[in-house]
Amino acid sequence: MSEINMNQSFAAGTQNNEKNYFFPLAAMTTLFFLWGFITVFNDVLIPRLKSVFDLNYTEAMLIQFCFFIAYFVVSLPAGNLVKRLGYQKGIIIGLIVAAAGCLLFYPAVIVHQYWVFLTALFVMASGIVILQVSANPYVAALGAPKTASSRLNLAQALNSLGTTLGPIAGGMLLFGAGSAAVVEAANADSVKVPYLVIAGCLLAIAVVFAFLKLPTIEAHIETEDCKVKDKNLKEAPHLIMGVVAIFCYVGAEVSIGSFIVNYFAEEHIGGLDAPTAAKLLGYYWGGAMVGRFIGSQALKFVAPSKALVFNSIFVMLLLAMTMFTEGNIAMVSVLAIGLFNSIMFPTIFTTAIEGLGSLTSKGSGWLCLAIVGGAIIPLLQGVVADTMHIQISFIVPLVCYIFIAWYGLNVEKLSKQWHDKIA
């Protein structure tokens with residue numbers, strides 16, 4: 001999820017040698033790693049709290065709902081905050097808010113109330129949203145605009161590293177190395193220490209950023225583009241459908257990751273205990289990291305829309321396989337989805353804002369709000385899992401990828417309709 005706002009305005013005055021920005025860039029990439037790590041920690045928190053509070057799947061998916069609803073609620077206020085205070089102060093505030101959310105896990109354990117855990121998640125996610133709104137355009141601005149893509153790809157690779165290591169660390173920290181019986185008997189205390197450690201790390205990094213001498217970035221003011229100044233974003237069909245595609249993609253990606261640990265516990269699938277399944281979850285997110293490196297090279301030769309269709313079709317086939325098979329085939333199929341997910345977010349994002357001119361920043365904001373799909377889709381899959389079966393519930397993300405494939409097939413035609421309007 002680190003790609004959001006990647007097309008916001010670049011800095012004025014970025015003509016300096018990029019070597020001068022090595023240290024600021026190194027500092028910023030640690031943030032991408034951190035929020036990737038924290039975001040997928042939820043995938044392991046879900047089975048932990050599901051067991052502790054004896055939740056059904058719908059109730060357990062409220063974890064992702066409360067986390068990702070923050071993108072819908074906080075994104076626009078966060079953008080105004082960063083515009084008013086600047087990137088560096090925005091980053092510091094984001095770190096402090098995220099740390100506050102982590103610290104709330106301590107009283108949540110003490111009072112042993114599920115709603116307090118959900119509140120802590122929302123506060124933590126709000127801090128991460130502020131971080132993303134601050135860090136993405138700042139990284140883009142630290143150097144020449146023509147090399148912004150390479151800088152963001154590097155930062156996104158670090159984000160993927162965080163999403164790969166998060167489930168592995170989460171499995172060890174939340175479940176330990178005990179037997180399945182010991183794990184099942186454990187209470188919510190196992191949640192307390194990991195989040196206190198994360199809070200300490202976030203606060204320490206906030207202190208470091210407070211004393212860093214980071215370059216001051218003056219966001220350039222968008223000029224009125226004569227081609228689009230009288231146009232409304234609602235007239236851009238490729239953007240409107242792109243918003244729906246981002247909603248579907250983020251929702252499906254998060255939903256699949258949220259169910260894997262419980263899915264692998266099913267006797268006919270893997271019969272795995274939670275710590276073992278959590279380790280395997282790392283392959284799902286690790287596949288996205290590998291696919292991102294492969295995709296960055298492949299997209300030099302393949303049209304983005306075609307790559308999107310190709311990957312969507314493969315994901316649909318893999319979802320069908322995991323729904324209608326058992327054992328290792330079912331497990332490998334769902335884990336392999338991560339590899340094909342890799343290029344989808346940036347591809348949808350860039351095709352959706354293509355040709356928007358001075359409306360690009362506003363269009364990017366719409367796409368950012370669509371990340372709320374990570375709150376809605378897992379909840380829908382939870383309802384299906386409760387009413388039917390967890391294996392059948394994968395039909396929910398399957399429907400999402402069908403729409404993404406449709407978007408890939410039609411985005412060039414939709415984009416042409418927009419260009420004809422502004423011609």
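Figure 1. With a relative accessibility of 0%, Val 250 counts as buried. This is a predicted model, so keep that in mind for every panel here. Val 250 has its place in helix 10.

Figure 2. Is Ser 258 buried or exposed? Ser 258 is buried, since its relative accessible area is 1% and the cut-off for buried is under 20%. Leaving aside residues up to four places away in sequence, Ser 258 touches Asp 43, Ile 46, Met 61 and Gln 64.

**Figure 3. Helix 1 and its bend.** Helix 1 takes in residues 22-52, 31 residues in total. From first C-alpha to last it reaches 45 Å, close to the 45 Å expected at 1.5 Å a residue. Where does helix 1 bend? Look at Val 44: the bend there is about 35°, and a proline, Pro 47, follows within four residues. Helix 1 is mostly covered, with 25 of its 31 residues buried. Once past helix 1, you come to Asp 54, which has a positive phi, near 55°.

**Figure 4. Lys 50 over a ring.** Here's a close-up of a charge and an aromatic side chain. The charged end of Lys 50 sits over the ring of Tyr 57, and its distance from the ring centre is 4.5 Å.

**Figure 5. Helix 3 and its kink.** Helix 3 runs over residues 62-85, which makes 24 residues. It reaches 33 Å from its first C-alpha to its last, close to the 34 Å expected at 1.5 Å a residue. The kink to look for is at Val 74, at about 50°, shortly before the proline Pro 77. Just after helix 3 comes Gly 86, with a positive phi of about 100°.

**Figure 6. Phe 105 and Tyr 195, a stacked pair.** The structure holds 19 aromatic pairs, and this view picks out one of them, Phe 105 with Tyr 195. Why does the pair count as stacked? The ring centres are 3.8 Å apart and the planes sit at 10°, and planes under 30 degrees apart count as stacked. Phe 105 belongs to helix 5 (residues 105-111) and Tyr 195 to helix 9 (residues 189-211), so the pair ties together parts that are 90 residues apart in sequence. Phe 105 is buried at a relative accessible area of 0%, and Tyr 195 also counts as buried at 0% relative accessibility.

**Figure 7. The aromatic cluster around that pair.** Phe 105 and Tyr 195 belong to one aromatic cluster, together with Phe 33, Phe 37, Phe 41, Phe 53, Tyr 114 and Phe 117.

**Figure 8. The chain behind the close-ups.** Of its 423 residues, 58% count as buried. Among contacts between residues at least 6 apart in sequence, 86% join residues at least 24 apart. The chain exposes about 17100 Å², and carbon and sulfur atoms supply 67% of that area.

Conventions:
Residues are numbered from 1 along each chain as its sequence is written. This is a predicted model: local features need pLDDT of at least 70, side-chain atom pairs count only at pLDDT 80 or more; totals for chains, interfaces and linings use all residues. Side-chain values use heavy atoms; hydrogens and water are left out. Rings of Phe, Tyr and Trp (its six-membered ring) pair if their centres lie within 6.5 Å; planes under 30 degrees apart count as stacked, over 60 as edge-to-face and the rest as tilted. Helices (H or I, at least four residues) and strands (E, at least two) are DSSP runs, numbered from the N terminus. Buried means under 20% relative accessible area, exposed over 50%, partly exposed in between (1.4 Å probe, protein chains only). A charge sits over a ring if NZ of Lys or CZ of Arg is within 6 Å of the ring centre and within 35 degrees of the ring normal. Contact means heavy atoms within 4.5 Å. Accessible areas come from the Shrake-Rupley method with a 1.4 Å probe; for residues, only the protein chains shown count as cover. The expected span of a helix is 1.5 Å times one less than its number of residues. The bend at a residue is the angle between axes fitted to the seven residues ending there and the seven starting there.
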